[in-house]
Every structure is written in C-alpha cells, then in structure tokens.
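Please keep the sequence and the structure in view while reading.

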Amino acid sequence: MSTPTPDAPGHRDALRPPQPVDRGDHVVAFSAEVSASAEQVFALVADPHRHHEIDGSGTVQSRAFGPHRLQPGDRFSVAMRVFGIPYRLPLRVLTAAPPTPQRTGVLEWAQPTGHRWRWEMTPVPADTNRTVVTESYDARAQLRVMRAALRLSKVYSRNGRGIEASLSRLQKRFGPDA
C-alpha cells in the first residue's frame with residue numbers, strides 16, 4: 001500500500017489552493033486554509049515589519065515604520081516598490097481584533113486613497129492548528145472615477161493574483177515542512 005502524497009485527496013495535510021470569495025462589486029477576496037492556529041497567523045499579519053515575508057505581489061519591501069503589533073487607530077507605513085518605483089505607503093488601522101476560539105480575528109487598514117486591505121482568521125472548530133484565512137482588497141470607499149481607473153489599469157486582477165500568492169506563501173510558511 002502506498003503512502004498518499006500531500007496533494008492527494010484525503011491526505012491529512014492536504015490543503016486546497018486559495019479560492020476566490022465573492023464579496024460583491026469592487027472587492028477582490030480569496031480564502032485558504034492554513035496549518036497554524038488563528039493566533040499564530042494574526043501575530044504575523046499584525047506585525048507590519050513582517051508583511052514582506054508573506055507578500056505575494058512582490059511590492060512590499062522589508063522596511064516598515066510603526067508598531068510591531070497593530071491596534072485600532074495605529075498609523076504605520078511600509079516601503080513599497082511598484083514598476084521599479086520606490087515609495088512609502090502610509091496606512092491607518094481600522095480594526096485589530098485578535099481571534100478567539102469562538103471569534104474570527106480581523107485586521108483591516110485603509111490607504112489614503114480610501115481602499116482597504118482586510119485579513120480574517122477563522123479558527124477551524126475541529127482542529128486548533130488549522131485556520132481559514134481570508135484576505136481582501138476593498139475599493140468600495142473610493143471615488144467612482146478612481147475605481148474605474150483601477151479597473152482599466154487591471155489593479156483588481158493584479159491584486160487578486162497578489163492575494164492568491166500571499167495566501168499560498170502563508171500556507172507554505174506554516175506547512176508540514178515549515
């Protein structure tokens with residue numbers, strides 16, 4: 001009898017790749033199950049000095065300014081590089097609610113242009129070392145003309161690929177070989 005491979009159906013450590021989540025117009029979201037507790041995932045995402053470790057877009061650099069554990073109302077910034085152009089992105093934390101066994105953890109911040117990035121960490125009830133992580137880019141608060149420009153310049157699809165890659169990196173980081 002052969003041993004199932006990690007990607008075989010039914011294998012204990014098999015995790016599906018990130019899946020799209022419908023959150024309505026102007027929101028791009030994906031979810032993935034991660035082999036870590038919700039508290040572990042929250043600790044990583046709540047430290048902006050570590051965002052570059054999981055960023056799948058290739059835009060977040062290793063330099064960040066601000067606290068190491070984000071709280072509501074905190075302001076922080078990260079060094080970014082898009083199309084070879086470096087800049088510093090100021091952000092404001094809207095929500096920072098750590099997970100509990102009964103409650104999804106949520107971390108959300110806003111960019112100056114109005115769009116938001118949100119992370120949700122939902123503990124898997126049957127396994128305290130598994131968490132469903134959802135990352136979303138929400139442009140609903142932006143001006144209509146800005147949303148149209150973002151759609152035309154393919155920012156939504158580019159952000160979707162980045163979110164998918166970030167969640168894949170998170171799965172690998174906490175995978176069985178981590």
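The text below moves from strands to rings to a helix.

The model is predicted.

**Strands**

A64 has V78 of β4 as its bridge partner. β4 is also joined to β5, residues 85-97, by 8 bridges. β4 and β5 run antiparallel as well. Here S77 stands opposite P90 of β5. The hairpin of β4 and β5 has 2 residues between the strands. In that hairpin F83 takes a positive phi near 55 degrees.

The charged end of R88 sits over the ring of F65, 3.9 Å from the ring centre.

**Aromatic pairs**

How many aromatic pairs does the structure hold? There are 3 aromatic pairs. A pair of aromatic rings is described by the distance of the centres and the angle of the planes. Two of the pairs are tabulated here.

| Pair | Centre to centre | Angle between planes | Geometry |
|---|---|---|---|
| F76 and W109 | 5.6 Å | 85 degrees | edge-to-face |
| Y137 and Y156 | 5.8 Å | 65 degrees | edge-to-face |

F76 lies in β4 and W109 in strand β6, residues 105-110, so the pair ties together parts that are 33 residues apart in sequence.

Together with W117, Y137 and Y156 form one aromatic cluster.

**Helix α4**

Helix α4 has 19 residues. From its first C-alpha to its last, α4 reaches 26 Å, close to the 27 Å expected at 1.5 Å a residue.

Which residues of α4 are buried? They are V155, Y156, N159, G160, G162, I163, S166, L167, L170 and Q171. An α-helix has 3.6 residues a turn, so residues three or four places apart point the same way. Against which elements do the buried residues of α4 pack? Among strands, they pack against β2 (27-34), β7 (116-124) and β8. Among helices, they pack against α1 (38-45), α2 (51-54) and α3 (144-152). Y156 is one of these buried residues of α4, and Y156 also pairs edge-to-face with Y137.

Notes: Residues numbered from 1 in each chain as written. Predicted model: local features only at pLDDT ≥ 70, side-chain atom pairs only at ≥ 80, totals over all residues. Heavy atoms only, no water. Pairing = 2+ DSSP bridges. Helix = DSSP H or I, 4+ residues; strand = E, 2+ residues; numbered from the N terminus. Phe/Tyr/Trp six-rings, centres within 6.5 Å; stacked < 30°, edge-to-face > 60°. Lys NZ or Arg CZ within 6 Å of the ring centre and 35° of its normal. Expected span 1.5 Å × (residues − 1). Buried < 20%, exposed > 50% of the residue type's maximum accessible area, 1.4 Å probe, protein only. Contact = heavy atoms within 4.5 Å.
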